[in-house]
Amino acid sequence: MNNPLRLGISGSAFIYAMPEEVLIAAYRNSIHGRPSKLDAPQNAMMGEFMREMMSEVNASSISSMECYHSCAWESESIIEIVANNPRVELWSVHAPYGKYIDPSAPDDEARQGAVSAYTDAVRTAARIGAGVVVAHPGANVEYSVSKKERLKISAETIGQVTALAGELGVAIAVEPLPKQEPGNSLDEVLEIVSMVDLPNVGINFDVNHLFPPEDVPSLIRRAGKLIRSVHISDQDGQERHWLPFEGTLDWTAVLGALVEVGYAGPLIYETHIRDANTCAAVVSRVEENYGRLIDCVR
């Protein structure tokens, strides 16, 4: 079998190489509380971390990258670092998400937070030449309205951003989620995509977010041509973000299904490698793992 699938990496794969102070401020708080801003020393640390990360990625065999867009850091300096003559293809931008950035929320503040954050992600993608923005359809927050109503709200919110994205040549890829939030099954994601009904909306197929693992190849076939991007990590029936071969996914079947539906984009490693605490270590582990993974389609 010919291999059209190239190696990509998500910025979140470097989570355990990030300075802990920056991680807490930029990641944990933004998901569970109101998005917090880094102070000047934290922004400086984030800048140094980004330079190290981009240097390691640009010097590696990684061909594509997904950039995480956060409301926490000073975006102009980060964009400049990322876009400073990269050898790697800047494939996608992952929009922020959380309790106050929720496109499915009946709460006006959370929903408008999603519109604002997703719009920023789209504009950032256009600036750095990325063709895809990955968007979560909801957050794991309870509201009194039904799941059906939240799916409708999510589609309406994402539709606003998708229309702007189309004008800028960017696609929106809706990502299924693993908990109780709207979009936690392929059926629900397909329903959102159908309600948005715009040509530049599709799916970010995260093989770590749909269960059981033995169903993933058939779910890939169902999603088919709607797949705009792919997140790679392993699982065992729960969200794990392990490296491939650490869980129970059948990687020959998974990659075979991606080739079968005509997906020819990168395999974006969205793994959490707990024992890799430097950018160089993350890159090395991912390159080594991809060499084994891609044997599944040779």
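1. Ser92 sits in strand E3, residues 89–94. (Strands, E, at least two residues, and helices, H or I, at least four, are DSSP runs numbered from the N terminus.) Bear in mind that this is a predicted model: local features need pLDDT of at least 70, side-chain atom pairs count only at pLDDT 80 or more, and totals for chains, interfaces and linings use all residues. Numbering starts from 1 along each chain as its sequence is written, and side-chain values use heavy atoms, with hydrogens and water left out.

2. Ser92 counts as buried because its relative accessibility is 0%. (Buried means under 20% relative accessible area, exposed over 50%, partly exposed in between, with a 1.4 Å probe and protein chains only.)

3. What does the Ser92 side chain join in a polar contact? Its partner is the side chain of Glu66, at 3.0 Å. (A polar contact is a pair of N or O atoms within 3.5 Å; within protein, one must be able to donate a hydrogen and the other to accept it, and residues adjacent in sequence count only if both atoms are side-chain atoms.)

4. Now for strand E7, residues 227–232: five of its six residues are buried. E7 pairs with E6 (residues 201–206) in the parallel sense over four bridges; pairing takes at least two DSSP bridges between the strands. Asp206 has His231 in E7 as its bridge partner.

5. E7 also runs parallel to E8 (residues 266–269), joined by three bridges. Here Ile232 stands opposite Tyr269 in E8.
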